[in-house]
Amino acid sequence: MPFVSQHVSHSHTLRVNAPIERVFPLFEPLGERAWATGWQPVMLYPPSGAARTGTVFTTDHDGEDTTIWTIAAYDATAGLITYHRVTPGSRAGIIAIHCAATPDGATAATITYTFTALSGSGNDFLAGFTAAHYTEEMALWEAALNHYALHGAPLHHA
């Protein structure tokens, strides 16, 4: 039987109780290290790690193969960043983030993850990437971001 690739997309909006000028940089590759325990990107280009269209880095997480990331679009003024990511032999993905100021001075961050399986193991990963799983993950992100915004330190379970 030929391989049939699965494709899944989920979107969620977080509320972060800090102004967009403080929040948006936290979604950049190096900014995420401030609040996301275990996030350790290895910057390839540019070596400084500056976030811009064309930035390339890798990540290695426990139990997962190396993932290659590229910033496909970056516009800090508009609060937009889009990543393309590939975990070779498993899945390709797009992560689109849009931050917007709220009337009360907080930030609404809409995060959309879209994955396409590249193999049977990718299909297995996507089978677990359910709407319920994504909602739970985004709740952890929201808690970690708000903890960081309030305390200036990561929430260690995030």
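1. In the predicted model, Ile 68 has Val 86 in S5 as its bridge partner. Seven bridges connect strand S4 (residues 67-75) with strand S5 (residues 80-87), and the two run antiparallel. Strands (E, at least two residues) and helices (H or I, at least four) are DSSP runs numbered from the N terminus, and two strands pair if DSSP finds at least two bridges between them.

2. The open sheet consists of seven strands in the order S1-S7-S6-S5-S4-S3-S2, with antiparallel pairing. S1 and strand S2 (42-45) each have a single partner strand, so one side of each lacks a neighbour in the sheet. From one strand to the next, the twist averages 20 degrees; axes are lines fitted to C-alpha atoms, for helices over the stretch in contact, with angles from 0 to 180 degrees between N-to-C directions.

3. Helix H2 (residues 120-128) lies across S1, S6 and S7 and runs at about 145 degrees to S7. Helix H3 (residues 131-151) packs on the sheet, where it touches S1 and S7, and its direction makes about 30 degrees with that of S1. Contact means heavy atoms within 4.5 Å.

4. The structure holds one salt bridge (a side-chain nitrogen of Lys or Arg within 4 Å of a carboxyl oxygen of Asp or Glu). The partners are Asp 104 and Arg 15, at 2.5 Å, N to O. Asp 104 is in the loop between strand S6 (91-101) and strand S7 (107-117), and Arg 15 is in strand S1 (residues 7-16), 89 residues apart.

5. Residues are numbered from 1 along each chain as its sequence is written, and side-chain values use heavy atoms, leaving out hydrogens and water. Because the model is predicted, local features need pLDDT of at least 70 and side-chain atom pairs count only at pLDDT 80 or more, whereas totals for chains, interfaces and linings use all residues.
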